[in-house]
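Biologist: I am new to this structure. Please pick one part, look at it closely, and then show me what surrounds it.

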Amino acid sequence: MRTAYSVETVRRAERELMARVPEGALMQRAAAGLAAACADLLGRVYGRRVVLLVGSGDNGGDALYAGARLARRGAGVTAVLLAPERTHAGGLTALLRAGGRTVAPGGAQDAVRRADLVLDGIVGIGGRGGLRPEAAALATLVAEARAAVVAVDLPSGVDADTGEVPGSAIRADLTVTFGTHKPGLLVDPAREYAGSVRLVDIGLGAELPDGPELEALQHADVAALLPTPGGESDKYRRGVVGIAAGSARYPGAAVLAVAGALRGGAGAVRYVGPAGDTVLARFPETLVSDGGPKQAGRVQAWVVGPGAGDDAGTVAEVLAADVPVLVDADGLRLADAAAVRGRTAPTLMTPHAGEAAALLGVTREEVERARLAAARELAARYRATVLLKGSTTLVADAGGAGAVRVNATGTAWLATAGSGDVLSGLAGSLLAAGLSALDAGSVGAYLHGLAGRFAAHGAPVGAHDVAETIPEAWRDVRDRAVRD
């Protein structure tokens, strides 16, 4: 599992480790890993032109020491010093001794234009509030250049803790981060600026606490959570999920939610709603009820809301059930907040940014700008687990405390009508199989994202195609977990 820790936690761990190792050891470890990553990206170091963007403090020191290592291997290294009087003295001395040179920001244009690689060491993980004008001008200059861009620890201008990007920022091809991931490297919009992320071990692991800010599941983690039928399994032991979805206007939402549930491993699916004939025509194995949720029969979990229109009564009836409930789409709008907060069984809410904005009473832009804060706030306000859909899906556990799960397996091709309905059915089937709301949301998002990738292969697909590819994603997770 990939984990990310707050700046405060990282700083505290660094202090504890530095008290036990020789002075400067951590910076040298970081610089060695950084220089190696740059060399790998360059392919050939000798004769290459490297520009360092150097701010004050340790972040600039990492860049200078890495630049010195590259200079000793024959690279032409130029350091742009944004704060000459506060430049890391040891790093600057090392660079100059290795044959590097320095220029003021005013002389950066020609150096950046001719560079093969730009190393961004302007602002460290403690930076807040966006770049200052002089640094913002450099960010614009770098964006217009052809050089590969490597960020030191994280791209300058992004918030390490929140993933927010309050203004101009460096857009990197590669970010080399030290000790542990930082939340901003895993959460959009900052994640888009980080490019590929390479973690350099500097010995920090033993100093980090058990509780990270963010967690990102990997194949092995997902494989361990996937429900597997045994020799004594039957359709009821595998999990029966109820789907209360669809309307006369949106019958397809019911079909897609049922598809997600069936392909997600449900032992049986019970459907209630006005789209029963449409559902049976596509999935004859579905158990369709003419009554409401109370008359549908026993289920281990409910999914309510996709394409439901204005059927507030069904939403209220499902929320009154004493089994786990997933609330999506129209159900989010129709659900009574007090009823959600008062539930004793787990609740999983799955809004996209627009729906989250409506629930929080803010604009969509505010949610997209601060996705991590929005997910935590919704989870706290509704006392429910919240899956905030988007380019990086976030899953915050009920109450908003603890680590938030982040998933980046998705593809932009999933931005298609009905994709969220498929995810609802898939995650609902995992709830019915006995997974917690946090695990059901996290595993569901992971499989849904992989299925989208496999279905698309870089070409347009529909939500139905994604549902049909869920078993392929399931197999891929299991197969790769065994190989790894």
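Modeller: Start with how helices and strands are named: helices (H or I, at least four residues) and strands (E, at least two) are DSSP runs, numbered from the N terminus. Axes are lines fitted to C-alpha atoms, for helices over the stretch in contact, and angles run from 0 to 180 degrees between N-to-C directions. Contact means heavy atoms within 4.5 Å.

This is a predicted model, in which local features need pLDDT of at least 70, side-chain atom pairs count only at pLDDT 80 or more, and totals for chains, interfaces and linings use all residues. Residues are numbered from 1 along each chain as its sequence is written, and side-chain values use heavy atoms, with hydrogens and water left out.

Now the part itself: helix H19, residues 437–456. H19 lies across strands S15 (347–349), S16 (385–388), S17 (393–396) and S18 (404–407). Its angle to S18 is about 10°.

Next, the sheet. Two strands pair if DSSP finds at least two bridges between them. Here 11 strands form an open sheet with mixed pairing. The order is S1-S9-S18-S17-S16-S15-S14-S13-S10-S11-S12. S1 (2–4) and S12 (287–289) stand at the edges with a single partner strand each, so one side of each has no neighbour in the sheet. From one strand to the next, the twist averages 20°. Ala4 has Leu214 in S9 as its bridge partner.

Buried means under 20% relative accessible area, exposed over 50%, and partly exposed in between (1.4 Å probe, protein chains only). The largest core holds 56 residues. Among the members that touch the most others are Val443, Leu447 and Val477. At least two residues come from each of several elements, including strand S10 (240–244), helix H10 (251–263), H19 and helix H20 (463–483). H19 supplies the largest share, 12 residues. Setting aside neighbours within four places in sequence, Val477 contacts His219, Val222, Ala223, Leu226, Tyr446, Leu447 and Leu450. A second, separate core has 51 residues, among them Leu42, Val152, Val158 and Leu185. In soluble globular proteins, nonpolar side chains tend to be buried together.

Leu208 is buried, at 14% relative accessibility. Beyond neighbours within four places in sequence, Leu208 touches Tyr5, Thr9, Ala13, Gly179 and Thr180. Thr180 is 28 residues away in sequence, yet the C-alpha to C-alpha distance is 8.8 Å.

Glu213 brings in charge. A salt bridge is a side-chain nitrogen of Lys or Arg within 4 Å of a carboxyl oxygen of Asp or Glu. The structure holds 21 of these salt bridges. One of them joins the side chains of Glu213 and Arg376, at 3.5 Å from N to O. Glu213 lies in the loop between S8 and S9 and Arg376 in helix H17 (residues 371–382), so the pair ties together parts 163 residues apart in sequence. Glu213 is partly exposed, at 31% relative accessibility.

Definitions and conventions: Core = buried A, V, L, I, M, F, W, Y, C linked by side-chain atoms within 4.5 Å.
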